[in-house]
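Trainee: I am new to this structure and would like to learn how to read it. Please take me through it feature by feature.

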Amino acid sequence: MDLADLWAQHKRFILVVAGALLLLLIGRGVVQSQWDYESVVYSAARTAQGMGKSERVGDDLVREVQADVESLRTRFAELAKSMRHQPGAAFQVPPGEANPRSFFFKRHRDTSRALVEAAERQDIRVPEALGLKDMAPTEPEEIRRQLVALDVVQQVVIESISAGVRRIGAIQIEDEARGRGKAASFLTELRVRFEVVGGERSIRALLAGLVDGAARGSGSFLAIDQARVKPVKGELGMLQLDLSVTALQIEKSDSEETP
């Protein structure tokens, strides 16, 4: 078979192969003109070679770093546990509760009645609703959140009564969406704001009680975000404390989860 016959029988295949080779050569030229990939490959090979020649990290250093990491994990777990707000048993829906909404409604009513009556005996005014909405929540997560808020309100009101303030003018619980937007990935925040009026001594006692409450065991940890004091017009010697406290709900770390 001569070249003419070969061309006649395989012309289409030869043209396809030739075209592919031409495109390959053109593409290689374009790549080389636009990106110096060969130098990058060479540099990567040199880096890999250098890493292979580097000194091996000693086992003692590895153990030392691992010990430091474990120490930091333990310290984090201790801090998280001390700062995590843990609502009292009365403010947690019991397991198997058939009607969580009804449980919340009763807890709100009973807590409000007890706090308002205790405040009235000391001639202290407290908002009867305690800052909660008129309509009881229906979703399980919102019920849980509102119970935590109720626990925070009770803790602050009890400290206020003990400190001998004049009145609590307003209580405002931050919306869930706003609190979630400010929180980090490993924690959620529930912020409650209070307007408290009283003398200088009672305001000081209230703040000291809230700061030391967790250490004394009289309440769970509350982070104080804001504490601003200003005089009350028309009430000589009275100060208004704009107080913002936050209950931190921190996810448990691996070391805390391990029994």
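**Reading the model**

Mentor: L130 lies in the loop between α4 and α5. Helices (H or I, at least four residues) and strands (E, at least two) are DSSP runs, numbered from the N terminus. This is a predicted model, in which local features need pLDDT of at least 70 and side-chain atom pairs count only at pLDDT 80 or more, while totals for chains, interfaces and linings use all residues. Residues are numbered from 1 along each chain as its sequence is written, and side-chain values use heavy atoms, with hydrogens and water left out.

Trainee: What is the phi of L130?

Mentor: Most residues other than glycine have a negative phi, and most peptide bonds are trans. L130 has a positive phi, near 60 degrees, and is a residue other than glycine. D123 is not a glycine either, and its phi is positive, about 60 degrees. D123 is also found in the loop between α4 and α5.

Trainee: Is L130 buried or exposed? And is D123 buried or exposed?

Mentor: Buried means under 20% relative accessible area, exposed means over 50%, and partly exposed is in between (1.4 Å probe, protein chains only). L130 has a relative accessible area of 0%, so L130 is buried. D123 has 66%, so D123 is exposed.

Trainee: Which residues does S112 touch?

Mentor: Contact means heavy atoms within 4.5 Å. Not counting residues up to four places away in sequence, S112 touches E128 and L130. S112 belongs to helix α4, and its relative accessibility of 11% makes S112 buried.

Trainee: How do the axes of helix α4 and helix α5 cross?

Mentor: Two packed helices are described by the angle between their axes and the distance between the axes. Axes are lines fitted to C-alpha atoms, for helices over the stretch in contact, and angles run from 0 to 180 degrees between N-to-C directions. Here the axes of α4 (residues 100-121) and α5 (residues 140-163) come within 11 Å and cross at roughly 10 degrees. Angles under 35 degrees count as roughly parallel, over 145 as roughly antiparallel, 65 to 115 as roughly perpendicular and the rest as oblique. The two helices, α4 and α5, are therefore roughly parallel to each other.

Trainee: Which residues in α4 meet α5?

Mentor: Among them are F103, F104, R107 and L115 in α4, which meet residues of α5 including I143, L147, L150 and I161. The residues of the contact of α4 with α5 comprise 12 nonpolar, four polar and two charged. For this division, Ala, Val, Leu, Ile, Met, Phe, Trp, Tyr, Cys and Pro count as nonpolar, Asp, Glu, Lys and Arg as charged, and the others, Gly among them, as polar.

Trainee: Which residues in the largest nonpolar core touch the most other members?

Mentor: A nonpolar core is a set of buried Ala, Val, Leu, Ile, Met, Phe, Trp, Tyr and Cys residues joined through side-chain atoms within 4.5 Å. The largest one has 37 residues, and V192, F194, V196 and V245 touch the most other members. At least two residues of this core come from each of α4, α5, β1 (167-173), β2 (187-198), α7 (200-216) and β4 (239-250). The largest share, 11 residues, is supplied by α5.

Trainee: Where is I168, and what does I168 touch?

Mentor: I168 is in strand β1, and with a relative accessible area of 4% I168 is buried. Its contacts, not counting residues up to four places away in sequence, include V157, F194, E195 and V196. I168 and E195 are 27 residues apart in sequence, yet 5.7 Å apart in space, C-alpha to C-alpha.

Trainee: How many salt bridges are there?

Mentor: Side chains of opposite charge can pair when their charged atoms come close. A salt bridge is a side-chain nitrogen of Lys or Arg within 4 Å of a carboxyl oxygen of Asp or Glu. The count by this rule is nine. One of them joins K106 and D110, with the closest N and O atoms 2.9 Å apart. Both residues, K106 and D110, lie in helix α4, four residues apart, about one turn of the helix.

Trainee: Which parts of the chain does the pair of R193 and E174 link?

Mentor: The closest N and O atoms of the R193 and E174 salt bridge are 3.9 Å apart. This pair links distant parts of the chain, with R193 in strand β2 and E174 in the loop between β1 and α6 (176-182), 19 residues apart. R193 is partly exposed at 26% relative accessible area, whereas E174 is buried at 2%.
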